[in-house]
Amino acid sequence: MTVLDTPSDFPLTGKEQAQWMLHHLAPGRGICNVGFAWRVDKMLRWWPLRQAFNHIVDRHPALRATVRAAGSALRKHISPVEDVEVPLAMHSCSAEDLEAFVTRLVGEPFDIERAPLVRVHLIAVPGGSAVCSVMHHLVSDAVTVQILARELVSLYDSYASGAEPAAELRDEISLHTGVPVATATVEYWKEHLKGLDSGLPALAGAKLAPPRPTFAGDRLGHTLGPRCAAAVERLRVRTRSTTSIVLLAAYYLLLSRHGAGRELVVGVVTNARRGAVESGAVGYHANTLPVRVRVDEDMTFAELVSLTRTAFLNGLQHGDVSFEELQRELPLRSADWRVPLFRHSFNFMPPAIRQMTIDGTVATPMDAFHGMSRLDLELGVVPEATGIGLIAVYSTEVHDRADIAMLLARYENLLLALDRSAEDPLRTVDLAVAADRELVRVVNDTARTWGPETLLDVITAQAARTPDRPAVDGMTYRRLLARAAGVRDALVAGGVRAGDVVGLSCRRGPGLAAAVLGVWSAGAAYLPLDRAHPTERAAYELDHAGVRMLIADGAVSAAWASGRRVVRLADVGEGQPTIPAEPSHLAYVTYTSGSTGRPKGDDVTHDNLVNVVRHFAELLDVRSGDRVLWMTTFSFDISLLELVVALAGGAGVVSVADDVRLDGEAVARLIEAEAVTVVQATPTTWRQLVPHLRDGLRGRRVLCGGEPLTAPLAEQLLAAGCRLFNVYGPTETTIWSTVAELRSPVPDRVPIGTPIANTEVFVLDPTGRTVPCGQPGELCIAGAGVAAGYRSAPALTAERFPTADGVGRYYRTGDQVRQRPDGQLEFLGRADRQVKVRGHRIELAEVESVLEELPELVAAAVFTEPDPAGHLRLAAAVRTAGGEVDLNRLRADAARRLPAAAVPSRFAVLTEFPLTGNDKIDYRALAKLVAAPDGEVPPLPAEPLPRMLVELWRQVLDDDRLSADTNFFLAGGHSLLAVELADRITDRTSIPVSFELIFEAPSPALLAERLAGGEVTR
């Protein structure tokens, strides 16, 4: 063989440096490996196989490359031919285990300082053999695999027969090292990516990635059959484009529809070889271009194809650079190991080698996947004889297999739909598959017939059957209705007519229960008033609701009484029950916080109310022997359910005094003493009760709602022995609209269930289109519970209560959910509790749930605040299980469970959280309560080690505002700077700090703790 004078030592390119870092970020795993395997129906011989591979490595100097590090400098070294021998290992394996065995072989790591970065495995299987070759990505790519496969079969046959290798395979090939990146190229990409938000590309339904990657991955194949392939061909002709561009444009639309936003960057893999001379170059010559396209739903697919084609061709003209070289030039940072430019890639690969013959026998290609993924999703497209093959490689840390399977099925359906409507606006194109539509139909099959009775009818009929049974705190049904009639008579005498609104300011107990029923008997609705609310707010509600009469069991402020008649509950006698309420009449008006700063009133009818009460009376099997706890403050609409679900079922009500309600131990004693069987509360209230319950809920039915329920709290409640129902519903759809009965083990994302009777749920995107199963969107609710609207606010009512064909009126909740394949809804958070920290989308409720898993905490409330540099960061207020808590240890524990961007920068320990009047956490008051003191530049720590680390943080990142809690990557650090920082720390401390340790402990405080404890990784 003619050997060329090949340079032996030169610096790595940017993309090669990235491979080196990725290799070291996953020690012991072959994340950077490229595999190629095939099977033949005969036993191949090991000697010709080894000779063939040795010939290939001798012929291609790129395959003899290794990488060595000297400090932060990385150099590539080409070993001489005489120093390199390709290792060949022999194995045996069953046919059933072969695929898994090949995956294990491909996933074994290389020592990248020792040549060659190539190895071969010859595997004996029944009836034949398999060959698996593995190369490091530093020396190979997909084109390299094809070149080597063609050369290998020829060389094997030559060595096996004793013949000379073919003339074209006898000489060494020149080493192709690429060309320097032109300044104009970098400037093009900087302009192309200007203003990019690195948080946008992640699919909204993706799980939070772990703080340190395992790179666990999987792959899933899918074939676009002849019908879809024909549709793609018609789209190609119609749009005057190529097959790859049509498929890439559809991929952008697919990702956009799955929650990745409108402004998308996809990593498009290209072949950097140019011209005939470079076409046969072996090595890492693939460039991944960050191609940015904006998807506008008002454009046609033809227009989207045109945009995609232009963006791709412009990128190809500046394709002498890969994204790795661009990252250091752009102000984009990732809070973890991930690529900040994109999370999804597209690779239109050359057709697979179908007919490869070795030693006279056809070789069948095999899957040679290493079981890992560095991106959320890598879509490979391979033209096939009868269709188009799709290979989806995905991170199992981020996506579930079922979600990827549905994504590929929707991709096919989308292409078929686009073929039918290529000239129509994209917003009209439906990508839902039959399974999506069937799931919506089945989940919303909730029709029930309750009869024409109002709730007052039901309760009156129950009283007639059991007049002497205790109804509320020992008061019988007979006397309760007589007192309600007395309230009615007093109201009518005072001028109250059907449709009026009466204010109620009473404590929970028999008097308030009689007042509610009496108002309904007068044909009126009630407005609950909370004495704990500011006087001005209640006065506004009274005025806005048009209240002219107020029933009270205590003193009433002058502002409340002004211009109104006040009826003292103690002065009301008894009367003769009658039932004048109509289903269409208002039952109550309740006010919730409004975006204008003024509360907005929700008008709820008897029709709305009877449906939810009937459903839960049946679900909970409420009977005359039951005792229902009436504990929630009455201004919160769920309090009414505690009262009337008992009365509708003939059960007894046990009311809780306000001075007892927030005393967990006292409530637990009351539940036991009064033999309560049904209890409802918010998660905040349950957290106060749980420490005192032990098994005090055994056999009881429990409702939990009003706030997101975390898995740890759910497990604690189940451990107390109850049947647990997680309930969800906005005031505008009448108390609760969905319900899920929970059983252990409770999933991390606690489901809020499926719709109750006569209720339908839909998950819509911002355009009003139904999103596919598994994808996030806004929850919209239709059916019997949808309230009449907002009082005296027709414009707001029209906006939040629109009408749709086939659905009728529905309510837009503003809550983000996703629907699981089993139909259960998962609550993802309020739109206003989804934040972006340095471009990373964070669900605050998810962070709270993870923090509550920590054994030292019983509750967590997470909010955002500005850091000293003016950037948004997370802070957490926590309640502990008792005793002192080490905040540094708490922060370290959180960092092991959460992605870096989701770890609170600051923790504050509180004994109690401020609550709203509805027993929910008051986040605004909480943020003010634990606000960090203002300051221009944080002081340096007093301890020498943390002080030195903060100084180095500031030097490397050139920012004097950084503190001991500053996350290196959130503050502008990246992989190359992590190497520099690690080197500086090593020089200053004489402790060998690897750059991987910077990923594991990305703040000075965390790193100081690791170094002080002697925990150093290599």
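Reader: Over the ring of which residue does the charged end of R119 sit, and how far is it from the ring centre? From there, please go on to the sheet built around β2 and β7.

Author: Gladly! The model is a predicted one, in which local features need pLDDT of at least 70 and side-chain atom pairs count only at pLDDT 80 or more, while totals for chains, interfaces and linings use all residues. Residues are numbered from 1 along each chain as its sequence is written, and side-chain values use heavy atoms, leaving out hydrogens and water.

To your question: the charged end of R119 sits over the ring of F110, 4.2 Å from the centre of that ring. For such a placement, NZ of Lys or CZ of Arg has to be within 6 Å of the ring centre and within 35 degrees of the ring normal. K15 gives another example, with its charged end over the ring of Y284 and 4.9 Å from the centre.

Now to the sheet. It is open and has six strands, in the order β5-β6-β7-β2-β13-β12, with mixed pairing. Strands here (E, at least two residues) and helices (H or I, at least four) are DSSP runs numbered from the N terminus, and two strands pair if DSSP finds at least two bridges between them. At the edges are β5 (88-92) and β12 (356-358), each of which pairs on one side only. Direction ignored, neighbouring strands are turned by 30 degrees against each other on average.

Let us walk along the order. Strand β6 (residues 118-125) runs antiparallel to β7, and eight bridges join them; V118, for instance, has M135 in β7 as its bridge partner. On to the next pairing: β7 (residues 128-136) and β2 are antiparallel too, over eight bridges, and here F36 stands opposite S133 of β7. β2 also pairs with β13 (residues 361-366), antiparallel over three bridges, where A37 has M366 as its partner. As for cover, six of the eight residues of β2 (residues 33-40) are buried, so the strand is mostly covered; buried means under 20% relative accessible area, exposed over 50% and partly exposed in between, with a 1.4 Å probe and protein chains only.

Helix α3 (residues 98-106) lies across β2, β5, β6, β7 and β13, running at about 165 degrees to β6. Helix α4 (residues 142-161) lies across β2, β7 and β12, at about 30 degrees to β12. Contact means heavy atoms within 4.5 Å; axes are lines fitted to C-alpha atoms, for helices over the stretch in contact, and angles run from 0 to 180 degrees between N-to-C directions.

The whole structure holds 14 aromatic pairs. In one of them, the rings of Y790 and F801 have centres 5.4 Å apart and planes at 75 degrees, so the pair is edge-to-face. Rings of Phe, Tyr and Trp (its six-membered ring) pair if their centres lie within 6.5 Å, with planes under 30 degrees apart counted as stacked, over 60 as edge-to-face and the rest as tilted. Y790 belongs to strand β33 (residues 789-790) and F801 to the loop between α24 (794-800) and β34 (803-804), so the pair ties together parts 11 residues apart in sequence. Y790 is buried at a relative accessible area of 6%, and F801 is buried at 4%.
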